[in-house]
Amino acid sequence: MRESTRRALPADTEALFDLRTAVIENRMSREELANLGITPESVAVILDDAKHSCWVAEADGQIIGFSIADLNESYIFALFVKAEYEGMGIGSGLLALVEQDARSAGNTALWLATGNAPGSRAFGFYRHLGWSSDGCLEDGQVVFRKQVGRGGGMREAIEKENRRPGAGWTRDA
């Protein structure tokens with residue numbers, strides 16, 4: 001098996017949706033994604049936008065994982081790996097590429113939100129890679145944060161998130 005990573009392209013959109021709707025944890029249908037405003041059209045625009053860091057991992061020419069981050073918002077929007085490739089370092093490799101792009105763009109910290117089950121693979125994955133849980137969004141998702149560069153760090157990321165329209169999170173008690 002030959003594995004590689006590359007920048008995601010708008011032409012990858014359908015493969016990303018196929019992967020996203022087939023994952024084991026945090027699975028969503030195309031309809032559920034569309035209800036959140038995540039459509040093939042909106043993702044194709046993101047993949048063609050320089051303010052986003054978008055990567056795919058491939059094995060034998062097939063997309064087996066992807067990551068998308070909004071560098072203006074310091075927010076990791078997506079990180080998914082096909083189930084049969086989990087535990088092989090693909091997710092951590094994609095995450096490292098996004099973190100490098102964030103540093104290059106001048107970000108000092110990143111944040112993401114994921115399911116709130118402490119026993120979930122995602123919860124353990126992010127904690128293992130140095131991410132810290134930092135409260136919950138109004139919908140119950142756990143917020144994780146990580147400093148990725150020098151500067152204001154977490155405080156800047158928190159202030160930036162709180163200024164985002166519709167943002168709202170609460171600290172764990």
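These questions and answers walk through a predicted model.

Residues are numbered from 1 along each chain as its sequence is written. Local features need pLDDT of at least 70, side-chain atom pairs count only at pLDDT 80 or more, and totals for chains, interfaces and linings use all residues, while side-chain values use heavy atoms, without hydrogens and water.

Me: At roughly what angle do the axes of helix H1 and helix H3 cross?
Reply: Two packed helices are described by the angle and the distance between their axes. Helices are DSSP runs of H or I, at least four residues, and strands are runs of E, at least two, numbered from the N terminus. Axes are lines fitted to C-alpha atoms, for helices over the stretch in contact, with angles from 0 to 180 degrees between N-to-C directions. The axes of H1 (residues 13-20) and H3 (residues 40-47) come within 10 Å, and they cross at roughly 120 degrees.

Me: Which residues in H3 does H1 meet?
Reply: Contact means heavy atoms within 4.5 Å. From H1, the residues are Thr13, Glu14, Leu16 and Phe17. In H3 they meet Pro40, Val43, Ala44 and Leu47.

Me: How many nonpolar residues does the contact of H1 with H3 have?
Reply: Ala, Val, Leu, Ile, Met, Phe, Trp, Tyr, Cys and Pro count as nonpolar, Asp, Glu, Lys and Arg as charged, and the others, Gly among them, as polar. By class, the contact has one polar residue and one charged residue. The nonpolar count is six.

Me: Is Asp101 buried or exposed?
Reply: Asp101 is found in helix H4 (residues 90-104). Buried means under 20% relative accessible area, exposed over 50%, and partly exposed in between (1.4 Å probe, protein chains only). Asp101 has 13% relative accessibility, so it counts as buried.

Me: With which side chain does the side chain of Asp101 make a polar contact?
Reply: A polar contact is a pair of N or O atoms within 3.5 Å; within protein, one must be able to donate a hydrogen and the other to accept it, and residues adjacent in sequence count only if both atoms are side-chain atoms. Leaving aside neighbours within four places in sequence, Asp101 is in contact with Ser53, Trp55 and Leu71, among others. The polar contact, at 2.6 Å, is with the side chain of Arg7.

Me: Is Ser74 buried or exposed?
Reply: Ser74 lies in the loop between strand E3 and strand E4 (75-81). Its phi is positive, near 55 degrees, in a residue other than glycine. At 5% relative accessibility, Ser74 counts as buried.
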